[in-house]
Amino acid sequence: MNMRRVFISLCVLTLLSTSPAHTAEPLSQDTQMKLIKTFTGNLSPKSVLSSGTGLVSAHNMMYNHTVAIFDAKNLELLSTVNDSVDLKSFGYGKYNGTYRGAPVEGAFSPDGKYLYFTNYAMYGKGFNKEGHDTCSPASGYDTSYLSRINLRTYQIDAVYPVGSVPKVVKVTPDNKYILVSNWCSYTLSVISIAEQKTIKSIKIGRYPRGIVVTNDSAFAYVAEMGGNRLHRINLSTFEQTYIPIGSNPRALVLSPDNKILYATLNVSGQVIAWDLVADKSLGKAKVGQAARSLDISSDGTALFVTSFKSGTISKVRTSDLKVLQTLKVCSEPIGISYDAATARTWVACYKGSVKVFANE
């Protein structure tokens with residue numbers, strides 16, 4: 001062998017043997033949450049959501065009539081989008097003038113072009129009976145609209161009629177359907193993106209709320225918060241089966257491999273894990289009073305949960321549902337979202353702030 005090559009090879013081996021080993025990023029279950037930023041101002045966020053592509057949105061209900069959009073990396077407010085729309089200009093001819101909404105929850109489209117948000121109610125001529133948290137289809141509350149923000153212009157460029165007091169919205173990963181849970185109508189609206197209209201209204205039961213969709217867009221799971229079950233909906237046939245998840249299910253997330261579903265049980269203040277393959281509970285964890293929203297880390301090792309009445313957020317290890325960390329965060333924390341690119345957890349405080357936590 002050429003002596004020069006031997007010398008180079010020996011040098012490389014020496015460097016490798018004396019250099020420190022490459023250290024992988026720590027698992028989320030091994031990190032701690034630390035507050036790094038608080039946004040205040042004209043905020044009253046019911047929820048907060050990471051796009052996974054550099055944006056985070058906060059949805060400010062009827063108290064501010066806005067959606068705030070942040071730069072997830074630089075922690076800056078990029079835009080405040082007013083929820084007002086001219087319904088007639090979108091083809092709803094019976095309405096005249098400008099109508100205000102009340103942003104509740106949001107969903108980014110898989111292609112990153114749009115942000116959809118639900119409006120708790122609409123305000124303007126022709127809307128006379130605003131929805132309420134206690135209701136049924138017989139209550140006769142006004143139906144509402146889903147709005148779409150174009151993320152290139154930060155303008156609302158489409159609206160869709162849905163049910164009464166719409167809450168959660170999800171877009172299927174294949175960008176085929178928009179799903180909206182209608183709190184007072186007891187239904188799930190299925191909107192076809194290709195047809196730009198509602199193609200199905202599925203009966204759920206008392207107070208439908210949380211929605212998750214499998215990565216292959218084959219199934220949606222919907223929480224019946226006024227009951228004790230989840231509805232598993234086949235998105236090809238729209239047939240339903242049920243999971244007896246426990247009383248008062250509110251928010252839902254799936255593990256990265258879609259084998260385990262996690263849900264908050266609001267009244268009991270718990271998080272439950274459900275094995276979707278074996279169709280059985282894997283246990284519960286008590287996190288606080290009134291467990292509301294939750295999200296999961298991108299590596300699947302940790303859950304992040306808000307407890308509304310306790311004023312806390314918790315980090316829970318997914319492998320055994322051990323509560324790893326609980327922080328007093330604000331009065332009435334209600335929304336939470338994990339941003340994978342920055343490994344940060346965003347929290348919506350209903351009374352007027354958004355807080356950002358590093359996981360380190």
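**View A. Strand β11, a mostly covered strand.** Strand β11 (residues 177–182) is mostly covered, with 6 of its 6 residues buried. "Buried" here is under 20% relative accessible area, while exposed is over 50% and partly exposed lies in between (1.4 Å probe, protein chains only). Strands are DSSP runs (E, at least two residues), numbered from the N terminus. Y177, L179 and S181 point one way from β11, I178, V180 and N182 point the other way, and all are buried.

A quick note for all views: this is a predicted model, where local features need pLDDT of at least 70, side-chain atom pairs count only at pLDDT 80 or more, and totals for chains, interfaces and linings use all residues. Residues are numbered from 1 along each chain as its sequence is written, and side-chain values use heavy atoms, with hydrogens and water left out.

View B. Strand β10 (residues 166–171) runs antiparallel to β11, and 4 bridges join them. Two strands count as paired if DSSP finds at least two bridges between them. Look for K170, which sits opposite L179 in β11. The hairpin has 5 residues between its strands, and N175 in the turn has a positive phi of about 60°.

**View C. The hairpin of β11 and β12.** On to strand β12 (residues 187–192), which is antiparallel to β11 and joined to it by 6 bridges. Here N182 faces T187 in β12. There are 4 residues between the strands of this hairpin, and Y186 takes a positive phi near 65°.

**View D. An open sheet of 4 strands.** The strand order is β1-β28-β27-β26, with antiparallel pairing. β1 (33–39) and β26 (333–339) stand at the edges with a single partner strand each, so one side of each has no neighbour in the sheet. On average, neighbouring strands of this sheet are turned by 25° against each other, direction ignored; the axes are lines fitted to C-alpha atoms, and angles run from 0 to 180 degrees between N-to-C directions.

**View E. Where β1 meets β28.** β1 and strand β28 (residues 353–359) pair in the antiparallel sense over 6 bridges.

View F. S353 lies in strand β28 and is buried, with a relative accessible area of 10%. Leaving aside neighbours within four places in sequence, S353 is in contact (heavy atoms within 4.5 Å) with T38, F39, T40, L43, P45, V347 and A348.
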